[in-house]
Amino acid sequence: MQILAISLYGKNGQRRDITFKPSSVNIITGASRRGKTSLIHIVEYCLGASECMVAAGHIRQTVDWYAVLLQFPECQVFIARAAPLPSHKAASVCHMLVEKTVLLPSKTNLTNSTNIDSVVSFLTQKVGVPEHVTEVPDGQTRHPVTIGFRHSRYYLFQSQTEIANNEILFHQQARDRVPQNIKDTLPYFIGAAEEDRLSEVERLRSLKQNRMRLVKQIKEIESLKGDGLQKGYSLLSEAAKLGLYSSKELIPNDEALLVHLESISRWSPSLDTEVDDGQDPFVILEAENKRLQNQKRALKIRLREAQEYTSSESGFESAVNDQIYRLQSVGLFKKFDAVSEICPVCDSPHEGTSKFQEIMKSSLADLSGKLQNVGRTKPRISGYVSQLLQEQSEINNQLQRVKQSIGKIRSQENEDDQRDDLNTLRAKVAGRCSLYLESVDWADDSENLEARLGLLEEEISVLSEKLDPEALKEKLNAQLNCISEDITLWAQELGLGYSNHRIRLDASKLTVVADTPDGPVTLDKMGSAENWMGYHVVTYLALAKWFIARSRPVGRFIFFDQPSQVYFPSDKSESGDLSEIEKDEDRIAVKKLFEWIFKIVHQLFPDLQVIITDHADIDEPWYQNAIRDNKWRGEHALIPKSWYEASKEQSGSDEK
């Protein structure tokens with residue numbers, strides 16, 4: 001699979017095409033902020049990316065559809081995917097054409113003919129990825145991965161932020177879960193995991209399940225068999241303890257034993273207890289108990305109030321009596337009645353009526369009246385209190401009877417539970433007797449099962465050895481060593497740091513490592529951005545060479561974005577000419593890098609296509625001939641100026 005064209009369909013109905021040449025190096029050169037980096041994002045989006053990574057700006061504002069035209073050995077495939085709506089990450093709507101030769105359609109011919117899931121499924125089959133599920137080592141909890149076309153994209157792209165990154169080697173490696181996906185799928189894409197490994201793994205899993213069932217059956221038979229019929233006599237004794245067997249003969253002959261066990265196996269719990277469909281009496285009694293408790297609390301409050309009232313009257317009566325006793329102590333009552341002209345204080349005669357005498361008589365009369373009122377009220381209060389006390393006693397008696405009834409019901413329930421437990425135990429023994437009787441003819445079955453188990457064990461052993469994870473790991477390491485030979489050789493040709501040592505691709509850490517006398521040196525410790533970028537490029541080309549040689553199902557193109565950035569900072573350049581690079585050795589290194597890429601692609605012709613988007617513009621015929629489209633400087637860019645200027649004018653008109 002190689003790329004023939006990238007197309008953008010504008011909101012204005014026009015189409016913008018960037019065409020490429022298969023089996024060769026293709027260069028898009030231009031100034032900064034002209035859309036070069038967006039080409040990778042557009043291709044990925046059309047090939048099934050879950051999110052459109054095209055940056056906000058002119059492209060998003062003016063484009064309705066993104067499209068890519070792919071070349072396969074026997075046909076061409078055109079894939080157009082709708083641009084995501086505002087605030088959306090992606091769109092599922094796609095239009096796909098598969099023909100011997102595809103003519104790029106106009107925008108009016110694009111329809112919602114399929115979706116992106118169908119496109120990815122088609123590409124998975126087209127590049128030759130069979131149904132394959134990764135293996136998860138024992139003891140690990142991650143889910144297996146169903147390998148598809150999307151996993152091959154890790155080896156096809158190097159974006160601007162990845163190609164000179166010392167912490168990651170593969171595309172999208174910095175994203176969550178991607179490193180583990182690469183580790184899980186790399187053995188398949190390298191070819192360490194055979195095409196039939198999935199079916200063989202499934203077959204081994206099925207054989208192990210069959211073995212487990214056979215072992216379980218044999219153990220059950222052996223457990224039931226015991227020592228002859230000894231297991232049967234043990235069951236009979238257990239049944240006697242539970243009341244299922246009443247005979248005193250616990251050791252009958254073998255024939256009688258089987259008859260008794262057959263009878264026990266048919267036991268079922270008695271159903272003579274009728275079920276009352278009415279309301280549960282326990283519920284009724286609980287409700288009555290609650291009602292009586294509420295009455296008792298209300299009665300208690302009324303009784304307390306009556307008693308408090310009685311106490312207050314008794315205090316008032318006592319106070320009045322105290323006053324009367326004081327008057328009686330000075331002997332005023334008789335004197336008031338006998339001598340009205342004598343002063344009760346000084347015993348001297350006086351003229352007229354004594355006011356003091358009148359006051360005293362009035363007070364005594366008032367006190368006597370109050371005492372009479374208290375005396376009349378007191379019997380009624382006492383009667384009321386007596387009535388409340390009687391009601392309280394009756395309620396207590398009723399509560400006692402209700403509680404006794406509840407206790408009886410609970411006791412009965414405990415007895416029922418115990419009976420249920422006994423029935424459960426009896427049912428278990430009856431079931432074991434039934435199973436035992438079914439297994440009396442065990443001899444032939446056991447021998448057949450053991451013979452089958454022996455054959456199964458042998459088959460599992462052979463298949464397990466073939467699928468041994470350690471063997472897979474050894475094969476993967478051997479193949480990575482072969483790839484590492486090219487990485488080491490090509491690193492030496494480019495003069496990369498540490499290339500005088502053996503450079504290897506480490507699949508467990510997803511990086512390249514230099515094996516030095518002082519120990520391994522990983523990519524992040526290799527010093528300069530030139531080394532980081534160089535090892536990314538040689539590793540991807542070494543993998544591409546391996547994929548081609550081993551006919552692995554990976555696309556036959558690589559997309560490099562801004563490889564010269566480490567030498568050629570774009571923010572300091574205008575034309576991209578090498579003369580703008582300050583150091584002579586850097587200018588030589590840039591030219592050497594591109595010449596070397598051209599050489600490798602030529603060696604792998606016609607099986608590899610390389611697309612490079614870069615700021616550099618080397619004034620050499622071999623480089624200039626590889627430039628596709630106009631140089632994106634001045635008026636030229638991915639999006640024609642007329643597109644977004646017309647869009648601005650239309651937006652202003654809409655606002656008016």
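Q: What should I know about the model and numbering?
A: The model is predicted, so local features need pLDDT of at least 70 and side-chain atom pairs pLDDT 80 or more, while totals for chains, interfaces and linings use all residues. Residues are numbered from 1 along each chain as its sequence is written, and side-chain values use heavy atoms, without hydrogens and water.

Q: Is C52 buried or exposed?
A: Buried, because its relative accessibility is 3%; the cut-off is under 20% relative accessible area with a 1.4 Å probe, protein chains only. C75 is also buried, at 7%.

Q: Switching topic: which residues have the most contacts inside the largest nonpolar core?
A: L8, L47, Y66, L70 and Y535, in a core of 128 residues. A core here joins buried Ala, Val, Leu, Ile, Met, Phe, Trp, Tyr and Cys through side-chain atoms within 4.5 Å.

Q: Which helix gives the most to this core?
A: α14 (residues 529-549), with 13 residues. Helices are DSSP runs of H or I, at least four residues, numbered from the N terminus.

Q: What does L70 touch?
A: Leaving out residues up to four places away in sequence, its contacts (heavy atoms within 4.5 Å) include M1, L47, C75 and L123.

Key. Buried means under 20% relative accessible area, exposed over 50%, partly exposed in between (1.4 Å probe, protein chains only). Helices (H or I, at least four residues) and strands (E, at least two) are DSSP runs, numbered from the N terminus.
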